[in-house]
Amino acid sequence: MEAESSQVPRLLPWSGPEGKPCYLISDDHGGPVSRLADATESIQLGMGTELLAHAHSMLPDTPQGELRFLAERLTEALLVALRVAESRGRRLDHLN
């Protein structure tokens with residue numbers, strides 16, 4: 001009889017073909033894909049923080065066309081941040 005796996009798939013911070021989510025099932029938390037995902041999440045969140053600071057400073061005096069570009073980038077950054085939050089939340093729920 002096989003033992004049931006208690007591993008919860010980790011949502012990775014990148015998408016697969018056709019924009020579908022990618023997941024990792026791993027026996028250890030320190031494998032190369034896990035480390036790459038951790039580093040990618042850190043970079044993505046840092047970029048979102050920088051983008052938010054940039055948006056805050058430029059919003060009062062920005063022409064409409066530039067506002068659209070900024071809104072598109074902020075939307076992308078929020079999507080990434082939500083993906084990271086979902087992934088980390090799943091892993092935290094599994095620990096409790």
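What share of the 96 residues in the protein chain is buried? I looked this up before anything else in the predicted model. Buried residues come to 23% of the chain.

**Entry: layout.** I listed the elements of the protein chain and found two helices and two strands. Read from the N terminus, their order is β-β-α-α.

**Entry: surface and contacts.** I looked up the accessible surface of the protein chain, which is about 7,300 Å². Carbon and sulfur atoms hold 60% of that surface. I then turned to contacts with a separation of 6 or more; residues 24 or more positions apart account for 51% of them.

**Entry: E18.** I went to the loop between β1 (10-15) and β2 (21-24), where E18 lies. E18 is not a glycine, yet its phi is positive, at about 65°. I note for context that most residues other than glycine have a negative phi. Is E18 buried or exposed? I count E18 as exposed because its relative accessibility is 74%, and the cut-off for exposed is over 50%.

**Entry: second largest pocket.** I looked up the space in the second largest pocket and noted about 170 Å³. Two elements each give two or more residues to its lining, namely α1 (32-58) and α2 (64-95). I wrote down the lining residues as Q44, M47, G48, L51, R73, E76, A77 and V80. How do the residues of this lining divide? I sorted them into four nonpolar, two polar and two charged. R73 and E76 are in the lining and count as charged, because Arg and Glu belong to that class.

Conventions: Residues numbered from 1 in each chain as written. Predicted model: local features only at pLDDT ≥ 70, side-chain atom pairs only at ≥ 80, totals over all residues. Heavy atoms only, no water. 1 Å grid on protein atoms, 1.4 Å probe; cavity = no way out; pocket = protein on both sides within 12 Å on 5 of 7 lines; lining within 4 Å. Points joined across faces, edges and corners; volume = space filled by probe spheres on them. Helix = DSSP H or I, 4+ residues; strand = E, 2+ residues; numbered from the N terminus. Buried < 20%, exposed > 50% of the residue type's maximum accessible area, 1.4 Å probe, protein only. Contact = heavy atoms within 4.5 Å. Areas by Shrake-Rupley, 256 points an atom, 1.4 Å probe, with all protein chains shown as cover.
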